[in-house]
Structures are given as structure tokens and as C-alpha cells.
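I opened this model to look up its ligand site and its sheets. My entries follow in the order of looking.

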Amino acid sequence: MLRFLTAGESHGPALVAVIEGAPSGVPFLAEELGQELARRRLGHGRGNRMKIEKDELEIIGGVRHGRTLGSPVAVLIRNTEWPRWQEDMSPHPGSPRRTLTAPRPGHADLVGMQKYDTEDARDILERASARETAARTIVGYLSKSILSAVGVEVISHVVAIGDVEAPDAPPPNPSALAEIDQDPVRCADKWASAAMVAAIDAAKADRDTLGGVAEVVAHGLVPGLGSHVHWDRKLDAALAEALMSIQAIKAVELGDGLRTARRRGSVAHDEIYLEDGEYVRHTDRAGGTEGGMTTGQPLRVRAAMKPISTLMRALDTVDVKTGEATKAIRERSDVCAVPAAGIVAEQMVAFVLAREYLRMFGGDAIDDVVAGVDRYRARIARS
Ligand code: EPS
């Protein structure tokens, strides 16, 4: 079973990801991983740190000459900011120069301080930070490499920022990804993109922040990933869990999701036809899953991100030391991180899909997985 752990604080020396259960023979190249990490730093509305932070990576296990060995894959990303923080974030005994006692509404700060028995919000916010998603990108890169061997590609694009929405359009193909990545907000629609950039600039001028929605699309899937037989084997449930685990994600939608709830049954589903020996559906309202299993159509899932809770115009809070009303602490902050959240959503969807491929087709070597997929495809073919 493919699984992973990450460790590391936002301003600690490094982040690390350990991934276990990947087959041998999967291409794993530091240069490609570096490119994937760079994609996550993209996007209009990101703060200064993204200009400074370089994601210096080191592969420390599980890979030899550009391929996985079947042993745990471990990768370290050094925080280039560490030299400025090594005193404050030192692992050795001592005390910080100053403690942060004004928790930010919307963050893990206050509840974390109560739960973990600390009066310094830094003890909490350092790990709650979305910096952790850099480590998830390592997991996503390995997952995509497994998926690529079985002909699956996972991409993402931004469909809303604040109240600006991209017009409804068919989900983009993998060939559109380079252009999407070049767009300042990773939106496939040029007009909507310009309005999104303007909305971010306006929020910044007001010292405010913006959320939005990113859509992940996976092409080339076999029908039948996941299962109807039990609650914790349903693929849509696993996708929702994985996406909801991303910092600041407040809602997940499969296919037309909420819009489907408002339709009549006669126009809510994807009717089935047999054409040239293949089952086809001419609509994709369900988002590519039925009964908790993939249908073989493109998978389409959306994640909605709340506006970042660290505002330059700080929100009301209470100082936990004095009990007095005050303004929340202000760290440097991004105005909008939806384009980056879309990349992270891509990584988490890729992880869930790769895990399902390995669960369904097994194999300790990637060629065995591929052979299993080919055999299955041959069995379900109608002629
Ligand atoms: C983050 C706050 C900012 C972001 C950071 C996530 O960091 P800082 O407080 O150091 O300016 O830049 O994101 C990353 C470093 C990253 O790699 O994504 C937060 O509080 O979530």
C-alpha cells in the first residue's frame, strides 16, 4: 500500500517526505522533481518568501540511477531561509526571543495552543503552515511517475478566484498544461485570468486576501478504480479526504457536484451508449466516478480554498497571556495562493490514484503493474 509521511517546520532546517510502497523501476529524476516544485511556487498573489525560497532538494533513499528501488523513497528539501531562523527555531534547549501570543483567526493557532499546551503560537503555526505542501509535491511527483507508466496524466487549472469565475468549458487536455502553467493565475480562460489578476491586485491594495477554486483533471484512467463495496474503498471519498487535508481547503466537489443537486434526474446523469465496441457517455456530469469507482472518463474534482487567514489588515483576537483584546499577529503573507493550491491538489489526486492502481494491480516492479493493467483492459474490452 502506497503511503507517506512528511516532517518539518516552515522555518526549520528542512522538510522531508518518506514514501513507502512504490514499486521498483519507477523513473525518479531530481531535475524533474525540481521542476514540479517550481510549479508550486507559481502564481500571482504569492508573497516575498516564494521569491527567496529555492527548494534545495536532496534524494536520500530509495532511488538509484534515476529509478526507484522498491525501498522507501526519502527526499529532503532544505529551507533556504533557515540561516535567518536558526536561533528562533533551534532544536536545542533555550527560549525564543519573543513569543507570539495573539492567535490568528482562521488558523490552527488558538486551538493548537490549547491542545498542545503552549503560549507561543509559533509552536503551532510552523507546522500548520502550507510550506508543508512542498513535501507533498515530492509524493505527487513519484505518484505521477507511477501513473505515467500506466498512461495516466493528472493536470489542474484554476476556475475561480474570489468572485471571478472562469466560464464553463470542457476540462483541459494534458497538452494544455504548459500554457496553463504560464498563465499568472493558472487559469485556462484568458479573460477570466485578467479579471482574477485584477481581483488579487485590488485585494492586495486593501491589505486583504482571496480564496478560490481549483479543478484537477485526470486522463487515461481504467474504469473500476475504487470500489462500491465498502465506505473506505470508495474512490470519491478518498479523493475528498486527500483534498480536504490540504491547508485552507474548505470544500470538495466531484464533477458537477453541487450543481447536480439542483437538477432533475433526467438531466443529472451520464447516459450510456455502445459505439464501435466501446461504452461511451457524451456528458461528464458525474466527474468520472459512479458508485465510488472510476468510469474511465476523465476524472474531474474541485477543491475550494478559503482566503488566507493571515491578513496585513489583522483581524480581532485575544492575547492569550493578558486576556485582552488585540489584533492578530501578522506574518509576511501571500494575498492569494489558489494557483499553488491547485498544484498541491494535483499532487494529492495523483497520490490517491497511484495508490488505487497499486492496490488493484499489485506488483513490486512497475512492469508487473503495467502488465496487470494491460490484462485487465483486455478482459473488459467488448470485442
Ligand atoms: C505560509 C506563509 C508564508 C508562505 C508559506 C506558507 O511563509 P512566510 O510566513 O515565511 O512568509 O510563503 O509558503 C511557503 C513557504 C511555501 O513554500 O509554500 C503559511 O503560513 O501557510
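How many nonpolar, polar and charged residues make up the shell around the ligand? I counted by class and got 2 nonpolar, 2 polar and 7 charged residues. My classes: Ala, Val, Leu, Ile, Met, Phe, Trp, Tyr, Cys and Pro are nonpolar, Asp, Glu, Lys and Arg are charged, and the others, Gly among them, are polar.

Ground rules first. This is a predicted model, in which local features need pLDDT of at least 70 and side-chain atom pairs count only at pLDDT 80 or more, while totals for chains, interfaces and linings use all residues. Residues are numbered from 1 along each chain as its sequence is written, and side-chain values use heavy atoms, with hydrogens and water left out.

**Ligand site**

I listed the neighbours. The ligand is surrounded by 11 residues, and the closest are His11, Arg40, Arg49, Ala130 and Arg131.

A side-chain N or O atom of His11 sits 2.6 Å from a ligand oxygen. For Arg131, a polar side-chain atom is 2.7 Å from an oxygen of the ligand. For Arg46, that distance is 3.0 Å. The ligand on its own has 470 Å² of accessible area, and the protein covers 90% of it (Shrake-Rupley method, 1.4 Å probe).

I took helices (H or I, at least four residues) and strands (E, at least two) as DSSP runs, numbered from the N terminus. Two strands pair if DSSP finds at least two bridges between them.

This open sheet runs β1-β2-β6-β3 with antiparallel pairing. Its edges are β1 (3–7) and β3 (56–61), each pairing on one side only. The twist averages 15° from one strand to the next. Strands β2 (residues 14–20) and β6 (residues 73–78) are antiparallel and share 6 bridges. Val18 has Ala74 in β6 as its bridge partner.

Helix α1 (residues 30–40) lies across β3 and β6, at about 135° to β3. Axes are lines fitted to C-alpha atoms, for helices over the stretch in contact (heavy atoms within 4.5 Å). Angles run from 0 to 180 degrees between N-to-C directions.

**Five-strand sheet**

The order here is β8-β7-β9-β15-β10, open and antiparallel. I found β8 (164–165) and β10 (249–254) at the edges, each pairing on one side only. Strand β7 (residues 153–161) joins β9 (residues 212–219) over 8 bridges, antiparallel. His157 stands opposite Glu215 in β9. Helix α11 (residues 338–361) lies across β7, β9 and β15 (299–305), at about 145° to β7.

What does Val213 touch? Leaving out residues up to four places away in sequence, I found Val158, Val159, Ala160, Arg302, Ala303, Ala304 and Val338. Val213 itself lies in β9.

**Hairpin**

Strands β11 (residues 272–275) and β12 (residues 278–281) pair antiparallel over 4 bridges. Tyr273 is partnered by Val280 in β12. The hairpin has 2 residues between its strands, and Asp276 takes a positive phi near 50°.

Key
A residue is near a molecule or strand if one of its heavy atoms lies within 4 Å of it. A polar contact is a pair of N or O atoms within 3.5 Å; within protein, one must be able to donate a hydrogen and the other to accept it, and residues adjacent in sequence count only if both atoms are side-chain atoms.
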